[in-house]
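Here are my notes on this one, written as numbered points. Have a look at the model first, then read on.

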Amino acid sequence: MTLWNYTKMGLQQGPVPEDELRQKIRRGEIGPTTLVWREGMAGWLPISGVAELQESPLATPTADAPGGLAPVMAPERQPANPQPGHIPLPQPPAYQGNYIAPQIPNYMWQSIVALVLSGVLMLLICLPIGMPFAIVALVYANKVEGLRVQGRLIEAESASKSAKVWMIVSFALSGLILLGLIGMFVFFAVGSF
């Protein structure tokens, strides 16, 4: 039984038996541009370049498909620098690049502090002014690492910037109200003496 490795969103998948790989091709889960490798191959090749996988119809006319055509599969989007996933033995040829995904700040702890501060204010004066903004900041902060790992760096940077903006808004609103409360307390404390 031949075992195949394939890429999906730049990450290595598999190994899977050849029958399973052919089913994925037929269902359109992977397309002709998907990179594949099996033991004995010199390197990764797109499915369209592997002769033994060409007996599977990638997008050829068939009589049993509606309109006489098999479904047309959209080419899979491949990141410019795929990151290796789980690599079973035997190993395919290593990726030769030195790509390291940049670290993108997620502002998670700052968003949590903003949420706690706005929660304290809500308990003190029943005014959750900064809480909605802190929750939005947490949602964006939570997205950053997942997008970065997937190689979607532009979206990760956008989520990072959004988390920062909403965290600052939450801190500013909660901080102003807290300073106002402290100021009122000091004013009344000094006035009573």
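1. A definition to begin with: a residue is called buried under 20% relative accessible area, exposed over 50%, and partly exposed in between, using a 1.4 Å probe and protein chains only. By that cut-off E18 is buried, because its relative accessible area is 18%.

2. Some ground rules. This is a predicted model, where local features need pLDDT of at least 70, side-chain atom pairs count only at pLDDT 80 or more, and totals for chains, interfaces and linings use all residues. Residues are numbered from 1 along each chain as its sequence is written, and side-chain values use heavy atoms, with hydrogens and water left out.

3. Now the overall layout. The protein has four helices and four strands, and from the N terminus on they run β-β-α-β-β-α-α-α. Both kinds of element are DSSP runs numbered from the N terminus: helices are H or I with at least four residues, strands are E with at least two.

4. Whole-chain numbers next. Of the 193 residues, 31% count as buried. The accessible surface comes to about 11900 Å², and carbon and sulfur atoms hold 67% of that (Shrake-Rupley method, 1.4 Å probe; for residues, only the protein chains shown count as cover). Taking contacts with a separation of 6 or more, 60% are between residues 24 or more positions apart; contact here means heavy atoms within 4.5 Å.

5. Back to E18, which sits in helix α1 (residues 18-27). What does E18 touch, leaving aside its neighbours within four places in sequence? The list is T2, W4, E52 and L53. The E18 side chain also makes a polar contact of 2.6 Å with the side chain of R22. Polar contact means a pair of N or O atoms within 3.5 Å; within protein, one must be able to donate a hydrogen and the other to accept it, and residues adjacent in sequence count only if both atoms are side-chain atoms.

6. On to the strands, which pair if DSSP finds at least two bridges between them. β1 (residues 3-8) runs antiparallel to β2 (residues 11-17) over five bridges, with W4 bridged to V16 in β2. Two residues separate β1 and β2 in their hairpin, and M9 in the turn has a positive phi of about 55°.

7. β1 also pairs with β3 (residues 35-38), antiparallel over three bridges, and Y6 stands opposite V36 in β3. β3 in turn pairs antiparallel with β4 (residues 45-46) over two bridges, where V36 has L45 as its bridge partner. The β3-β4 hairpin has six residues between the strands, and G40 takes a positive phi near 105°.
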